[in-house]
Amino acid sequence: MLRTVFLYGIAAGLVVAVPMFAMLTFSEHGGAASSQFTGYSIMILALSLIFIGVKRRRDRALGGVIKFVPAL
């Protein structure tokens, strides 16, 4: 379980951190609308990785059933 948590958690963190850092470093002032859309899209992608990690844990280790607290 710990391996799955680290694998998908680090992947989600990198998906958020690297593009956000690049956007902050290379963006110009005044481009807020496009950066908000891009930032929101990146966060949705990262949360999707967390969802996939929980689903993988549920399917492989727990026989297709997981309760709320262990998934949290």
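The side chains of tyrosine 8 and arginine 56 form a polar contact of 3.2 Å. A polar contact here is a pair of N or O atoms within 3.5 Å; within protein, one must be able to donate a hydrogen and the other to accept it, and residues adjacent in sequence count only if both atoms are side-chain atoms. The model is a predicted one, in which local features need pLDDT of at least 70 and side-chain atom pairs count only at pLDDT 80 or more, while totals for chains, interfaces and linings use all residues. Residues are numbered from 1 along each chain as its sequence is written, and side-chain values use heavy atoms, with hydrogens and water left out.

Tyrosine 8 sits in helix H1. Helices (H or I, at least four residues) and strands (E, at least two) are DSSP runs, numbered from the N terminus. With a relative accessible area of 14%, tyrosine 8 is buried; buried means under 20% relative accessible area, exposed over 50%, and partly exposed in between (1.4 Å probe, protein chains only). Leaving aside residues up to four places away in sequence, tyrosine 8 touches Leu49, Ile50, Ile52, Gly53 and Arg56, where contact means heavy atoms within 4.5 Å.

A second polar contact, of 3.0 Å, links the side chains of aspartate 59 and arginine 58. Aspartate 59 belongs to helix H2 and is partly exposed, at 36% relative accessibility.

In helix H1, alanine 17 is partly exposed with a relative accessible area of 43%. Phenylalanine 21 also lies in helix H1, and at 59% relative accessibility it is exposed.

| Pair | Apart in sequence | C-alpha to C-alpha |
|---|---|---|
| Phenylalanine 21 and leucine 2 | 19 residues | 27 Å |
| Alanine 17 and serine 35 | 18 residues | 14 Å |
| Aspartate 59 and leucine 7 | 52 residues | 16 Å |

The protein as a whole contains three helices and zero strands, in the order α-α-α from the N terminus. Its radius of gyration is 16 Å, well over the 11 Å that the globule rule gives for 72 residues, so the protein is more spread out than a compact globule. That radius is taken over C-alpha atoms, and the globule rule is 2.2 Å times the number of residues to the power 0.38. Along the principal axes, the C-alpha atoms fill a box of roughly 50 × 20 × 15 Å. Of the 72 residues, 10% count as buried. Among contacts with a separation of 6 or more, 59% are between residues 24 or more positions apart.

The largest pocket has a volume of about 310 Å³. On a 1 Å grid over the protein atoms alone, a pocket is an open set of points where a 1.4 Å probe fits, with protein on both sides within 12 Å along at least five of seven lines; lining residues have an atom within 4 Å of a point. Grid points are joined across faces, edges and corners, and the volume is the space filled by probe spheres set on the points. The lining of the largest pocket comprises 14 residues, with Val5, Gly53, Val54, Pro70 and Ala71 nearest the centre. At least two lining residues come from each of helix H1 (2–26), helix H2 (32–61) and helix H3 (68–71). By class, the lining has 10 nonpolar, three polar and one charged residues; Ala, Val, Leu, Ile, Met, Phe, Trp, Tyr, Cys and Pro count as nonpolar, Asp, Glu, Lys and Arg as charged, and the others, Gly among them, as polar.
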